[in-house]
Amino acid sequence: MIFESYIELPALVAWVGRWHPLILHFPIVLLLIGIFLGLTGKKVPKKLLTLAVLTALITAISGFFLGRESETKGNLLFWHQWLGGGLALFAALWYGLEGLQLKKPIYSKILQIVLLVLILFTGHYGGMVTHGEDFLALPVNKKEEKIPENPLIYAHVVDRILENNCVSCHNANKQKGQLLMTSLDNLLKGGEVGNTIIPSDAENSELIRRLHLPLEDEEHMPPEGKKPLDEREIKILERWIALGASDTLRLNQLEDSEPLVALVKGLMEPDPMEKWKNLPKVADSTLQNLASDYLTINRIAINSDALSAAAFLPPEYDPQYILNLKRVAQNIVELDLSGLPLGPQEMGLVAQCTNLEWLELDRTPITDVEIDTLKNLSKLRLLKVYDTKIGDKGVGVLKELQSLKSLYLWKTNTSQNVLDDLKSTRTNLIVDDGIDDEVKEFFIKSDSLVEEQ
Ligand code: HEC
């Protein structure tokens, strides 16, 4: 290892190196058995020790050959190699000591403990070389810091995408395809194939070509088993390269018509799925049990525990099929109970759906009494209560719902001055009180269309 840089290895030797990950298991097991016997005061069979030392040496040598194959050595590989070399050396020393038949077994014991420590650390560094430095780290979230206002396209957007998806295999310790993706200079330098990024020519850039390959293609990046980039991320990389792959470009230097602007702005908005990710888990079977001809329940998105539920009026109404939703009340973010003969029981359920953002109670017999049960729905953004019996007192309750952005309440018992007051105090709330008959017609029609289905 000391004279490593003077050594030139033939291809066959490199091939031997590839066996390292297989061979290494033998000395680990054999040495551990030997150490166990030694430390518990038993005699270590000579044959076992011979085999352990031999395989340790073979492992170290094949590891050395394998290490020669990687262009740049990161810290992890460096330590793994020296620890591994040391391990083989100490194993040989143990063999020698046993041969000497020393009177004091304490030397053997010390040696065995040193070997044990070396096995642990060599294995640990080896694991980090193959699986990445954070393989044994506790799970942490990926780089998800907020993108600043007017971000640098490379540092704040492009680099973040690469960091989260590519750098685990393209870093100093694990330079797959001899490509480093930790800085723009390294990216421009490219890897084995080269042309990783050709500024202003996204189409011919190897990096973009690989992102567009079919998922099952060997050369697709990231390789099979890793989460592929989504459309938006690919487009962002593509446009950034097309615009010259600069590291000084900022968002506000781009024309509004440049597609990158909308793409980056989209990335800066909070992910709507994020806010729902801590909802209680719901099994598909639960949803199937609850659903019926008169109750549809859907996940907002595949894998999301946020639910959208809509109930329809059965020929014989019994509120129980709605009350059953209690089991998933926390998960319901959209609820449509329009046109049902709602009473206090059903409204009790609604009050339990504290994550509700979208609620339709139009064309129901609810009054101000029932509206009062909505006052804890702090996340409610949209509420349809047109064609109901609610009056000015109910409006007073709704006025306090700070998240509410849209309110549909024509054909109610509310007075004009209370509505005017609501509109002037809650300027960010869009109140649709039926002034526009066309809109009204449209909503009634579309609602009844849904019901017919
Ligand atoms: C699981 C490990 C892994 C991840 C993650 C990964 N790659 Fe790779 N990458 C490889 C391996 C292995 C090679 C070499 C084999 C090959 O050329 O296909 C490679 C090669 C490449 C090359 C060719 C380099 C050259 O010049 O030969 C490019 C470009 C590339 N990767 C881009 C990416 C991008 C972009 C991402 C993130 C979206 C990514 N990789 C994520 C393992 C990975």
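User: Just after α5, which residue takes a positive phi?

Analyst: Gln 101 does, with phi at about 55 degrees. Before we go on: residue numbers start from 1 along each chain as its sequence is written. The model is predicted, so local features need pLDDT of at least 70 and side-chain atom pairs count only at pLDDT 80 or more, while totals for chains, interfaces and linings use all residues.

User: How far does α5 reach from its first C-alpha to its last?

Analyst: The general idea is to compare the reach with an expected span, which is 1.5 Å times one less than the number of residues. With 26 residues, α5 reaches 37 Å, close to the 38 Å expected.

User: What do the buried residues of α5 pack against?

Analyst: First, the term: a residue is buried if 20 or more other C-beta atoms lie within 10 Å of its own, exposed if 12 or fewer, and partly exposed in between, with C-beta atoms placed from the backbone. Contact means that two such C-beta atoms lie within 7 Å. In α5 the buried residues include Leu 77, His 80, Phe 90 and Trp 94, and the buried set packs against α3 (25-39), α4 (46-69) and α6 (106-131).

User: Let's do cores. Which residues touch the most other members of the largest nonpolar core?

Analyst: A nonpolar core is a set of buried Ala, Val, Leu, Ile, Met, Phe, Trp, Tyr and Cys residues joined through C-beta atoms within 7 Å. The largest one here has 40 residues, and Ile 332, Leu 335 and Leu 356 touch the most other members. Elements giving two or more residues to this core include β4 (307-311), β5 (332-336) and α14 (344-352). Leaving out residues up to four places away in sequence, Leu 335 touches Ala 309, Val 350, Cys 353, Leu 356 and Leu 359.

User: Which peptide bond is cis?

Analyst: The one from Met 221 to Pro 222, with omega near -10 degrees. Pro 222 also lies in the loop between α9 and α10.

User: And the ligand: which residues come nearest?

Analyst: A residue counts as near if its C-beta atom, placed from the backbone, lies within 6 Å of the molecule. Of the 23 residues around the ligand, Cys 166, Cys 169, Lys 176, Gly 177 and Gly 191 come nearest. Helix α9 (residues 206-212) gives the most to this shell, with three residues.

User: What is the phi of Gln 178?

Analyst: Near 50 degrees, a positive value in a residue other than glycine. Gln 178 lies in the loop between β2 (174-175) and α8 (184-189), and it counts as partly exposed because it has 15 C-beta neighbours inside 10 Å.

Conventions. Helices (H or I, at least four residues) and strands (E, at least two) are DSSP runs, numbered from the N terminus.
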